[in-house]
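My notes follow in the order in which I looked things up.

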Amino acid sequence: MSPRRTAHKFVPEPLSWCLDGRETDLLHYVFSRPDLEDLRGSPAKVLRAIDDYSEKYKYLMNIGPTKGENISGLIAANKPSVMIELGGYVGYSAIRFADAVRANGGKKYLSLEVNPEMAAISTILVELAGLRDFVRIMIGPSDESLVRLIRDEKKMSSVEFVFIDHWQELYLPDLQLLEGLDVLKPGVSTLVADNMRLSGSLDYQAWLRASPEEKREMNKTRVGRSKLKRKQPDSASGHWPGLGNPNLIYETSTKIFDLGSVQDGVEITKVVGEDSP
Ligand SMILES: C[S@@+](CC[C@H](N)C(=O)[O-])C[C@H]1O[C@@H](n2cnc3c(N)ncnc32)[C@H](O)[C@@H]1O
């Protein structure tokens, strides 16, 4: 989504399904509800209010209750102490999954969002749900925020649970960035990616399913993100972040959801080993 640059504005172009004012409209809807006082401090009630808006007024591209409840079940099974999401939008998934991480003994939820307007809306709704101290909203492109967190702030040596839900063409580059930063660990890391019905995520699924030999072959002909290639290789791992780590072995499957008029898939992936060529 390219920003529209005028003398005063750097605003992304509205699309037919988002960024046309509906997200601010959602805020006005929530804060003018007669039951507002009941919503304060209740993740479940704030989620219900967002779902009400999406069902009655305008569609919002959040994870929704069906897929959301399923992923909350995975969080309960894995009990991450820190969970990261790529793509926060208006804060729906942050509220739903941060609540699940907190209920399962976790410490922090990191929501990475590139659009400052969406991050502002998310901040307000996360606060309303009583999760302000638990959720950190990082504004900026996911790759830059991940590098900041992992390499610059040295906040984690492994990632436990990542929810990938930004734009599909970024799924594979960000997966390979995490591989290159050496934070995907066998027996520790779980990745959950939304929107598997969209063709933009096919390269992500293909990489997860390829053997280390196949991925080493693929890497001979591919180039990583150009801006990351300009950075130094990660000194700890020696990998170039943009080219990933073809030696990681994944166990992965797509869970299909029937969402009424459409079907969608969620890719659930565990890091299970590392090949030593
Ligand atoms: C499908 S929405 C996320 C929905 C949210 N996870 C939920 O379920 O409530 C995709 C979001 O990804 C954000 N996004 C797109 N590219 C991004 C990037 N490079 N880094 C971080 N966020 C990005 C968009 O601005 C948008 O808000």
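Before going on I noted the basis of the values: the model is predicted, local features need pLDDT of at least 70, side-chain atom pairs count only at pLDDT 80 or more, and totals for chains, interfaces and linings use all residues. Residues are numbered from 1 along each chain as its sequence is written, and side-chain values use heavy atoms, with hydrogens and water left out.

Whole chain. I listed 11 helices and nine strands, taken as DSSP runs numbered from the N terminus (helices H or I, at least four residues; strands E, at least two). Of the 277 residues, 50% count as buried, which is to say under 20% relative accessible area with a 1.4 Å probe, protein chains only.

Helix 7. This helix covers residues 142–152, and I found Ser142, Asp143, Ser145, Leu146, Val147, Leu149 and Ile150 buried in it. Against helix 8 (residues 171–180) it packs at an angle of about 15°, with the axes 10 Å apart; axes are lines fitted to C-alpha atoms, for helices over the stretch in contact, and angles run from 0 to 180 degrees between N-to-C directions. Helix 7 and helix 8 are therefore roughly parallel to each other, a label for angles under 35 degrees, whereas over 145 counts as roughly antiparallel. For the contacts (heavy atoms within 4.5 Å), I noted that Ser142, Asp143, Leu146, Val147 and Ile150 of helix 7 meet Asp174, Leu177 and Leu178 of helix 8.

Helix 3 and helix 5. I then looked up this pair, whose axes come within 10 Å and cross at roughly 160°, and that makes helix 3 roughly antiparallel to helix 5. On the helix 3 side Pro43, Val46, Leu47, Ile50 and Asp51 take part, meeting Tyr92, Ile95, Arg96, Asp99 and Arg102 of helix 5.

Notes: Parallel < 35°, antiparallel > 145°, perpendicular 65-115°, else oblique.
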